[in-house]
Amino acid sequence: MAGEIITIQVGQCGNQIGKHFWLQLAKEHGIDKDGQGITNNEEVRDDDTNPFFKLNDSNRYTPRALMLDLEPSAIQDVQNTFPGVFNPRNTWISPEELGAGNSWSKGYDYGLANQETFMNMIDREIDATENFEGFQLLHSVAGGTGSGLGSSLLEAISDSYPKKFLTTYSVFPSDESEVVIQPYNTILTLRRLEENSDASIVFDNNALLNLTSRVFRDPYTSYLHTNQLISATMSAITNPIRFPSYMYNSLPSIFSTLVPTPELHFLVPAFTPFTSDYVSGGKEPKNNTAYDVLLDLIDGSSSLVSNTIDNPTYYNVLCSLVGAVEQNDVLRAIIKAQQRLQFAPWSFSSVHVNVGRRSPYLSAQTHHNHINGLMLANTSAITSLFTKTCKTFDKIFSKGAFLNTFRDGKMFQNGWDEFAESRQVVQDLTEEYLAAEQETYLDGVLLEEENMVGRHDGRLDADGDDNIV
Ligand code: GTP
């Protein structure tokens, strides 16, 4: 059985995404908005609710979640959506209720000042687990709370629980962003993502807004739309944990397939098709094949991060499909993918494909030939986001613009070194991704057998090579 995962939602964006994530999970596990399960007899269930929910004394499913914010509205919205379901002791709203005013520094200082409270909340939640596996932090990198308070939490968690898996779902701002200091917040947060998280799934609001206008055919895009795209993706990533089979049923088994070295842990998600089971107002499920879905995933149009790099290099790719999948379609698609995607010379040049189980509570269950798919890619395409962040940062930092917001911050009492250091971390990260395109990248890294994650599943991939799962 998979271990338990604690979700930590920080700031407006983190809590709004969290709301849609729990709505999707409740739907997929037959749980009402008051926490009542259609069945709570774990014996008759063939899903596994335990990683994300605990069954409380009154037989209600409670999300293993912490909700933190400096102002109340986003958390109140989650609480109103699921009355009485979230543990009130896992909720923290700053008494001032003022938000961080988009300042990373304010958020970070609130995080430091309340660190003990947060760590006590986390410890208490871990006490309610038997086989605790790790964390997922949901936040935006550009506001003040999700980025700043989120950064201080990332540091504290990786310090206190270095052996537990720490993943993040991190939303990057759109180019049309109205807040001038967002590049500062983003650079400072990227440093913590690089240094403290084990795997970060990246979303960018540019790509999300473009996708929503296609998926919803609605010119008036809103966070309600973008957040459903994110929650669909999160549902697909966690599917093998919640509907377990023998592959990819834990955070380490999913992410070790994708993360070759500790630095290269920024993952680009894609999902298709966004049917009505995942997004309200989405397309009705139609017959399709695993071949169609896999090719759509690799062509880039369903990516949730925009890319401006031609022919990016791929290091690792994991796809996950649910529906009636024909093995032959998968093999044909893998061959096509190997021709179309340019893999790093040292990588396995293979697209790993997991076939998951669809929730019995989703209507597409009745469409026997309908398939939904997720792709998580570790690719040099992500460097376009890092480069853009550095450029927008340089523009304002070189002129010393808008630094007043940070002047009172504890991190900046002795000057602006933290900015220059964080900028350097992002530069080094970009260079690491580019160095990984070279054949020699892994030279000197000992691939001892105990470092190889996964096991042999006895099957061959399209090249006739052994398949490691
Ligand atoms: P403060 O408002 O400063 O206290 O910090 P915060 O972390 O609560 O701010 P917020 O989460 O609003 O972060 C701002 C950034 O996140 C901007 O780039 C917004 O476009 C983006 N954002 C805010 N809410 C959402 C959301 O629900 N979905 C998505 N996709 N982006 C969001």
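In this predicted model, the axes of α1 and α5 cross at roughly 90° and come within 6 Å. Angles from 65 to 115 degrees count as roughly perpendicular, so α1 is roughly perpendicular to α5. Both α1 and α5 also give two or more residues to the shell around the ligand.

**Helix α1 against helix α5**
- On the α1 side, the contact is made by Gly 11, Cys 13 and Gly 14.
- On the α5 side, Thr 145, Gly 146, Leu 149 and Gly 150 take part.
- By class, the residues of this contact are two nonpolar and five polar, with no charged residue.

**Surroundings of the ligand**
- The shell around the ligand holds 23 residues, and those that come nearest are Gly 11, Cys 13, Ser 140, Gly 143 and Gly 144.
- Four elements are listed as giving two or more residues to this shell: α1 (11-28), α5, α7 (205-215) and α8 (223-242).
- Helix α1 contributes the most, with four residues.
- Gly 11 and Cys 13, which are among the residues that come nearest to the ligand, also belong to the α1 side of the contact with α5.
- The shell has 15 polar and eight nonpolar residues, and no charged ones.

**Helix α4 against helix α5**
- Helix α5 (residues 145-160) also packs with helix α4 (residues 115-127): their axes cross at roughly 55° and come within 11 Å.
- An angle of this size makes α4 oblique to α5.
- The crossing of α4 and α5 is right-handed.
- Gln 115, Phe 118 and Met 119 of α4 meet Ser 152, Leu 153, Ala 156 and Ser 160 of α5.
- The contact of α4 with α5 consists of four nonpolar and three polar residues, and no charged residue.

**Helix α12 against helix α13**
- Helix α12 (residues 383-397) packs with helix α13 (residues 417-435) at an angle of about 155°, and the axes are 10 Å apart.
- Angles over 145 degrees count as roughly antiparallel, and α12 and α13 are therefore roughly antiparallel to each other.
- The crossing of α12 and α13 is left-handed.
- From α12, the contact takes in Thr 383, Phe 386, Thr 387, Thr 389, Cys 390, Phe 393 and Phe 397.
- From α13, the partners are Phe 419, Arg 423, Val 426, Gln 427, Leu 429, Thr 430, Tyr 433 and Leu 434.
- The class counts for the contact of α12 with α13 are nine nonpolar, five polar and one charged.

**Annotated domain**
- An unreviewed UniProt entry places the feature "domain: Tubulin/FtsZ GTPase" at residues 49-245.
- Over residues 49-245, the chain is 48% helix and 19% strand.
- The end C-alpha atoms of this stretch are 14 Å apart.

**Backbone features in loops**
- Thr 272 and Pro 273 are joined by a cis peptide bond, with omega of about -20°.
- Pro 273 is located in the loop between β9 (266-272) and α10 (290-298).
- Asn 59 is not a glycine, yet has a positive phi of about 60°.
- The loop that holds Asn 59 runs between β2 (53-55) and β3 (61-63).

Notes. Residues numbered from 1 in each chain as written. Predicted model: local features only at pLDDT ≥ 70, side-chain atom pairs only at ≥ 80, totals over all residues. Axes fitted to C-alpha atoms, helices over the stretch in contact; angles between N-to-C directions. Parallel < 35°, antiparallel > 145°, perpendicular 65-115°, else oblique. Left-handed = near helix turned anticlockwise from the far one by under 90°. Contact = placed C-beta atoms within 7 Å. Nonpolar A, V, L, I, M, F, W, Y, C, P; charged D, E, K, R; others polar. UniProt positions renumbered as here; feature names shortened; annotations may be inferred. Near = placed C-beta within 6 Å.
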